[in-house]
Structures are given as structure tokens and as C-alpha cells.
Amino acid sequence: MKRKIYALGIGHNSPVFIDLALACGYEIAGLWHYNDLRTNDSDHGYKILGSFDDLFNSGRAEGCNFLLTMGDSAIRDSLCNRIIANGGHVPTLIHPTATISKFATVSDIGVYISPYAFLQADSQVGSNSVLLSHVNVSHTTKIGKSCFLAGGSTIGAYTTVEDFCFIGQGALSISGKVSVIGHHAYIGARALLTRSVPAYAIMAGSPARQIGVTNGER
């Protein structure tokens, strides 16, 4: 029998993460929206059961599995904590085509690893982080909690990516040159990192340079 999982959040990312859950052997038992405006409606063929408040106020989270489909890492982190506090589970999902070294460490809470991602030896991934398709995490590299690595990005060896970082599509950090990407940093698409990145920095270009700061709420 397939395990059941409920999806929280209805938006453009939702079917992407639903696909991942299905590939990992789960059955989608229903959806929960952030408000009650779409209760009893459906999305991508799945019934919307109610709002987040309906879910938590009714005590229906206890013992159930949940899929967080929103892209905002701060919201994902908050909901994950709320689900766990209410007795629910946010399982890690790793697509069958991803390659995970036997020497890599992946949190068992809320990590989503998409098709053809690659974690090399002695890499680590913290809770609630998302690695989309064709992400490459090089050896001896640590990804913190609640990070979002967009498709095709590569994190070089010997790098610590601190919590709540966003790495854009096709971004590349050079092994041995980038020791730290500070928490809440935002790395633009196809940026080439040649040195460490301060916390909250917005980086863009090749080689990348700082063009601004984030508000720390992502």
C-alpha cells in the first residue's frame, strides 16, 4: 500500500513537488490552502480540503505526512515547525534518479531532492532544504537548513552554505575559492562565485559581485 501524504500550498510549484512525492511512492491524499477561499475546489485533480488554520485547529495533522509545496523558505520553515509541533511529519523525498553518495548526510526532515541531482561524498544537507533538478553539491560541502538550490546550480567543494540561502539557476561556486555563503544570501542565476559571500548579500554576474542586500525574510 502506498503511503499517504497531504500537500500544503497551492501554486506554480505545487505540481513540481507533487510529482516528486508520487515518484517516491506516495499517494496524494488532499491539499490544504493558506486560506479558506478554495475549500472543496480542486487543483491538478486533487481536492482542496480547507485552510492551514482548519488543518491545525482540527487536530488533523497528528500522525500524518505533509508535503510543503511553496518556494518561500521562511514559510516552509515555519509550517514545518508547526506541523511537527502538532504531531505531523514532513518526510524527506529523494527522487529515484538522484545520486546520493553513501558518505553524504541528508536530514530526514523536509529535504526535497529532484531528478538527477548529485550529492558527492562527505556533503551534508540540512532540514527543509530544496535541491532541484541537476543540482551538484561537491564533496566536503555543507548545505544548511531551509536553503533553495535552483536547477543546474553547482556548489563547489569545501563550501558551507548557511541557512536560508537561495542559489539561482545555473549558479556556480568554485571549489576552494568560496568557503562560506552567508545566511540569507541570494545568488543570481548563472552567477560565478569566486570568493566567500557575506550574509544577506545579493550576488550577480560573472564573476559575481554584490549588488544589494536581502531583507532576511525569504
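Me: Which residues do ring pairs link into a cluster?
Reply: Ring pairs join Phe 148, Phe 166 and Tyr 186 into a cluster. Rings of Phe, Tyr and Trp (its six-membered ring) pair if their centres lie within 6.5 Å; planes under 30 degrees apart count as stacked, over 60 as edge-to-face and the rest as tilted. Before going on: this is a predicted model, where local features need pLDDT of at least 70 and side-chain atom pairs count only at pLDDT 80 or more, while totals for chains, interfaces and linings use all residues. Residues are numbered from 1 along each chain as its sequence is written, and side-chain values use heavy atoms, with hydrogens and water left out.

Me: How many aromatic pairs does the structure hold?
Reply: The structure holds four aromatic pairs. In one of them, Phe 17 and Tyr 112 have ring centres 5.4 Å apart and planes at 50 degrees, so that pair is tilted. Phe 17 is in helix H1 (residues 14-23) and Tyr 112 in strand S9 (residues 112-113), 95 residues apart, and the pair links these distant parts of the chain. Helices (H or I, at least four residues) and strands (E, at least two) are DSSP runs, numbered from the N terminus.

Me: Is Phe 17 buried or exposed?
Reply: Phe 17 counts as buried, at 1% relative accessibility. Tyr 112 is buried as well, at 0%. Buried means under 20% relative accessible area, exposed over 50%, and partly exposed in between (1.4 Å probe, protein chains only).

Me: Which residues have the most contacts inside the largest nonpolar core?
Reply: Leu 8, Phe 66, Leu 67, Leu 68, Leu 93 and Tyr 112 do, in a core of 35 residues. A nonpolar core is a set of buried Ala, Val, Leu, Ile, Met, Phe, Trp, Tyr and Cys residues joined through side-chain atoms within 4.5 Å. Among the elements that give two or more residues to this core are strand S1 (3-8), H1 and strand S5 (66-68). A second, separate core of 28 residues includes Ala 104, Leu 149, Val 161 and Cys 165.

Me: Where does Asp 43 lie?
Reply: Asp 43 lies in strand S3 (residues 42-43). Asp 43 is buried, with a relative accessible area of 14%. Not counting residues up to four places away in sequence, Asp 43 touches Ile 10, Leu 31, Arg 38 and Ile 48, where contact means heavy atoms within 4.5 Å.

Me: And Val 111, where is that?
Reply: Val 111 is in the loop between strand S8 (105-106) and S9. Val 111 is buried, with a relative accessible area of 0%. The C-alpha atoms of Val 111 and Val 125 are separated by 7.8 Å, with the two residues 14 apart along the chain.

Me: How many helices and strands are in the chain?
Reply: The chain has three helices and 24 strands. Of its 218 residues, 47% count as buried. Its C-alpha atoms fill a box of roughly 50 × 35 × 30 Å, taken along the principal axes.
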